[in-house]
Amino acid sequence: MEILWISLVVAIILFLLYGFAENFFPVIKHYEIVSKKIKKETVFVLLSDLHACQIGRNNEKLWHMIQSVSPDFICIAGDMTVKNGTHTERVLAFLTKLSGEYPVYYAPGNHEIRMPEYEAYKETVKKAGVCYLENNSTVTSDNIRITGLDLPEYWYHKCWQKRIFTTEEMTELIGRNEKQAFSLLLAHNPEYFEQYADWGADLVLSGHIHGGIARLPFLGGVISPSLRLFPRYDAGEFERTGSRMVISRGLGLHHIRLRFFNRPEVSVIKLSCLLKEK
């Protein structure tokens, strides 16, 4: 019996060590979105939920992963920092390096907006050359309209708290969608995908769920930050009435730094033209 207990304890320790080690082995995951609004093939990288962690010393490993795909630009879907502002200098150094090489479009998550020095952080990010999108938009030279949704903290709630976010409330925040251009929406919280799709986003880029911390075959992510078990939108690609959403599993974690079958993700998205049939 004693041997059984020792074996169980060793197995648990090994399992926890595996969950911790997963943080150090990020992967590149590829997605392709085809649309008649795309004028020419474009490749970009989606980053989210770094939480002031480092992937390689000074994020060198992350930097080389991004460079390996030669993106046209970078999109950031929030939570690069942690809410108490710890190690924000790491984030700022990495963002400065990124913006020196690529156009960078950044919308905040729930951690950024709760930072004590948030206003100073935003100004430093903007001075570094990053296009920081707070309920506003910018249009690239390839007719891609990138909009950043800045949701108030109220909309990041626990599963037992009732919140009903409507398309009308979204429109009040960011205005009406202009459907001529390809509409790319940076929206940290994927929970409101129905509203994003109804608003008219062609592609939504999200994070926040961290892949569900652990991932199980056929069931997906186990738990969301709102403590919802087996969240509907956890990681990967989703579709609704012509709109697509890509959710990154994120790059870092905070509080409980464990991942099970859920390696950190650098998302690479290719936007392709819809060729007309002859």
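Let's start at Ser 267, which touches Lys 29, Tyr 31, Phe 44, Val 45, Leu 46 and Ser 248, leaving aside residues up to four places away in sequence. Keep in mind that this is a predicted model. Ser 267 sits in strand S14. Is Ser 267 buried or exposed? With a relative accessibility of 0%, Ser 267 counts as buried, because the cut-off for that is under 20%. Its side chain also has a polar contact of 2.5 Å with the side chain of Glu 265.

Now zoom out to the sheet. Six strands make up an open sheet with mixed pairing, and their order is S1-S14-S2-S3-S4-S5. Strands S1 and S5 stand at the edges with a single partner strand each, so one side of each has no neighbour in the sheet. Further in, S2 and S3 pair in the parallel sense over four bridges. Phe 44, one of the residues touched by Ser 267, has Phe 73 in S3 as its bridge partner.

Here are some of the elements and where to find them:

| Element | Residues |
|---|---|
| Strand S1 | 27-35 |
| Strand S2 | 42-47 |
| Strand S3 | 73-76 |
| Strand S5 | 131-132 |
| Strand S14 | 265-273 |
| Helix H2 | 60-67 |
| Helix H3 | 88-99 |

What lies across S1, S2, S3 and S14? That's helix H2, running at about 160° to S2. Glu 60, Leu 62, Trp 63 and Ile 66 from H2 meet Phe 94, Lys 97 and Leu 98 from H3.

Notes. Residues numbered from 1 in each chain as written. Predicted model: local features only at pLDDT ≥ 70, side-chain atom pairs only at ≥ 80, totals over all residues. Heavy atoms only, no water. Pairing = 2+ DSSP bridges. Helix = DSSP H or I, 4+ residues; strand = E, 2+ residues; numbered from the N terminus. Contact = heavy atoms within 4.5 Å. Axes fitted to C-alpha atoms, helices over the stretch in contact; angles between N-to-C directions. Buried < 20%, exposed > 50% of the residue type's maximum accessible area, 1.4 Å probe, protein only. Polar contact = N/O pair within 3.5 Å; in protein donor to acceptor, adjacent residues only side chain to side chain.
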